[in-house]
Amino acid sequence: MEADSVSIWPRMEPFLLGALQVAPTSKLSLHYLRKMAIYVQTREGCFPVLGWSMWRHIACGKLQLPEDLAWLYFETFDLLLGHTPEERLERAECMSQCSSKSELDQQRSKLSVDTLQFLLFLYIQQLNRVSLRTSLIGEEWPSHRARSPSPSERETKASSQNKNWDDQAHLSFVQNHLADILELLVEPGQLSHSGQAKRDSQISLEAVRSLGLLLEGSVGHGKGVQPVHRLLTKGKKLAWAQQVEGAMKRAKIARNTHMAPPGSKMVLMSQVIKQTLAKTSDKLTGANIKIHRCSDAFIYLLSPLRSVSVDKCRDSTVVLGPVQTSVHIHSCQNVRVVCVTGRVVIGASSRCIVHALTPTCPLLLPGNSDITLGPFHTFYPSLEDHMASVGLAVVPNVWDQPLLLGTEGLASPLLSSSSSSDSTCYRLLPPSEFHMLAVPFQMEGDTCEVPGGLPPAYQAALREKQKRIQNWQKTVMEARLNKEQKQQFQELVELKFHEWLLETGHRQELDSLIPPTVNFLKDSDGAATDTSRVKDTKAVRPGGVGGTADCCLLNL
């Protein structure tokens, strides 16, 4: 009887969530990581687990990394680990009670990670390293002599530009660097005087187990694993409730959540244009979401999520349920993102606004301009239950303390006189410009206010706005207008309001929330489906605003 075949492939999460999307510091090259591997395996207190204190000693004392950058790597790796929600909430409570740096260091010193897996995590930061050799032969720089790519090749290239989402890039990285990866896991006694592994070297069982960070597999014949870009190009097209001027003809939404194991669930949304999408569903829970090339869209994904990537979108609003690991915004223009998340990362984007509740400092990568950071300013009924399910608490909340990360490491965001334009790429939202965001759907749950409340300055700004409204109402009442004057005044106010809606683009947003007039949707197989079964959220009809509905309630 023929033995079952064994299939092995790279795990998605370490590359998707762990590899920072910036060229790594030279201190994380193979040369230095070899030295670190020898050091941690020959020093007491570093192996098989590595605590924060010892990593800080190695990073700051040996590798000459700033402490903030050392903590960034340690914290990022910790986000990948399978801590229970209860453990995460307990840690958040301890961290929030720290009133000084010494108390914070004391709490951090209680944290530890698997030594060998942390070494592998540091090594895969090379995923986004720009290779001069590759650039010179034309694989990263375009060539005017190259033939025009076919449509499928263009899709593949577009997908590959973000290596964190490109599983073919993950596979190539592991294949091309497997010898170096194994060398980092070899015990010091099997290394030559130059620090390289001997030809007949072997790795220990513990080292093999550590490879579980990067690799997974199966025994027996199963369905082939398809690259992400193929999943996207072959994704089934949803039947929309209504279309406006054919805007949804190119939209593609695909998922593997019905068959993928935890950590590998994906939902890809591409080219959603002039549409409002709303969904809360168990099919989204724990999934990695990619929102790609959407424009003039309003997207509400109100479920606990694993990670979210907003890539190459413009003129859109994205409101998310709690995101356990990270929200990454890349190459976007004029996009508003509202989220509770373990981390926010923004790169190569402009004129974007992020309202976040996050226990980690927002990470600003190179290429940003005109980024606005504001406090989390909305809620929906099941929000707090969703937050508890992924281990996110209301404190600590450091949405207003960003870190600037470049190829030379961290830069202080306070250095406005720096020659680097990236150091002045963001601002904190002035309280005078602050407004609340209402999630316009009826749902079940107990949350009736913003979790944790608003910062005092923003709460005061809201009270001032409410006071002005009350003064205006009082002025109108004291004017003692007759019936005809009241009618004229009402018509004038409504006219000005509608003009404002059109000028700001809010008219489209309100119109898209009006429930569709059709009674049935067709699912992807063509069968009629009662909308009462399809929709998980119910749109609240805006009073006094008419227009064509364009609200799609996803049947994922």
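A residue is taken as exposed when its relative accessible area is over 50%. In this predicted model, V219 has a relative accessibility of 61% and therefore counts as exposed. This residue is placed in strand β4, which spans residues 215-219. Together with V6 and I8, V219 forms a nonpolar surface patch, and the accessible area of these residues together is about 320 Å².

Charged contacts were examined next. The count of salt bridges comes to twelve. One of them joins the side chains of E67 and R56, with an N to O distance of 3.6 Å. This pair links distant parts of the chain, since E67 belongs to helix α4 (residues 67-80) and R56 to helix α3 (residues 52-62), eleven residues apart. The side chain of E67 also meets that of K101 in a salt bridge, at 3.3 Å from N to O. Because E67 lies in helix α4 and K101 in helix α6 (residues 101-108), the pair ties together parts that are 34 residues apart in sequence. With a relative accessible area of 51%, K101 is exposed, whereas E67 is partly exposed at 25% and R56 is partly exposed at 22%.

A further salt bridge is formed by the side chains of E499 and K496, at 3.8 Å from N to O. Both residues lie in helix α15 (residues 483-504), where E499 and K496 are three residues apart, about one turn of the helix. E499 counts as partly exposed at 33% relative accessibility, and K496 counts as partly exposed at 47%. Elsewhere, salt bridges with shared partners join R56, E67, K101 and D105 into one network.

Note on methods
Residues numbered from 1 in each chain as written. Predicted model: local features only at pLDDT ≥ 70, side-chain atom pairs only at ≥ 80, totals over all residues. Heavy atoms only, no water. Patch = residues over 30% accessible without salt bridge, like charges linked within 9 Å, V, L, I, M, F, W, Y side chains within 5 Å. Areas by Shrake-Rupley, 256 points an atom, 1.4 Å probe, with all protein chains shown as cover. Salt bridge = Lys/Arg side-chain N within 4 Å of Asp/Glu carboxyl O. Helix = DSSP H or I, 4+ residues; strand = E, 2+ residues; numbered from the N terminus. Buried < 20%, exposed > 50% of the residue type's maximum accessible area, 1.4 Å probe, protein only.
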